[in-house]
Each structure stands twice: as C-alpha cells, then as structure tokens.
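Please look at the sequence and the structure before reading on.

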Amino acid sequence: LLKVAQAMRVGTSLEEIHRFCRIDPWFLEQMQDIIDMEARVKAHGIPSDAQNMRALKAMGFSDARLASLTDSTEADVMNARHALDVED
C-alpha cells in the first residue's frame, strides 16, 4: 500500500494502478482522497477552523502525521487542535 500511495503522489493514474495490482477502484479512490488531502495540508498548513480540523481527523490523520506534513511538532498540532476544541 505504501508503494501504491507513492505511485499516486507521483501522478500515476488510478486506472494504471488498478491494472498493475488489481486493488478495488473504490479503495484506490479513497486512498487518492487521502493523498490529495496530504498535499493540501502541505500547501496550506494546519487548518485554523474546527470544521476542517475535524475533517482531517475523520479521514484518519494523526497529530504526528499532520506534524510531519507541516514541519511542526506533534505537540504543536495537538495544541492547535485543542485550541479549536477538536478531540481525537
């Protein structure tokens, strides 16, 4: 799955990935949504509103992963999340 995610990050089409590994297209689309959100977080940083922070948490992003995407610390992300009153 890590190699599939990396293929998505470099722009390999979902059709091509499916052809090579036969992973269900629905699952590949779900993975692509997560990869797209990673790129959004890298570009824009940690959300400053509770709704978007909750969306990230609902997608399964941990504080540690968000920290690595934004070159911050897990404690920074946790503090930002708590400031928005968003629980794990």
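Predicted model: local features only at pLDDT ≥ 70, side-chain atom pairs only at ≥ 80, totals over all residues.

Residues are numbered from 1 along each chain as its sequence is written, and side-chain values use heavy atoms, with hydrogens and water left out.

A nonpolar core is a set of buried Ala, Val, Leu, Ile, Met, Phe, Trp, Tyr and Cys residues joined through side-chain atoms within 4.5 Å; buried means under 20% relative accessible area (1.4 Å probe, protein chains only). The largest one has 11 residues, including Met 37, Phe 61 and Val 77. Helix 3 (25-44), helix 4 (50-58) and helix 5 (63-69) each supply at least two residues of this core; helices are DSSP runs of H or I, at least four residues long, numbered from the N terminus. Apart from it lies another core, of nine residues, among them Ile 17 and Leu 28.

A pocket is an open set of points on a 1 Å grid over the protein atoms alone, where a 1.4 Å probe fits, with protein on both sides within 12 Å along at least five of seven lines; lining residues have an atom within 4 Å of a point. A volume is the space filled by probe spheres set on the points.

| Pocket | Volume |
|---|---|
| Largest pocket | about 210 Å³ |
| Second largest pocket | about 150 Å³ |

Helix 3 gives the largest share of the lining of the largest pocket, four residues. Helix 3 also gives the most to the lining of the second largest pocket, with four residues.

Terms used: Buried < 20%, exposed > 50% of the residue type's maximum accessible area, 1.4 Å probe, protein only.
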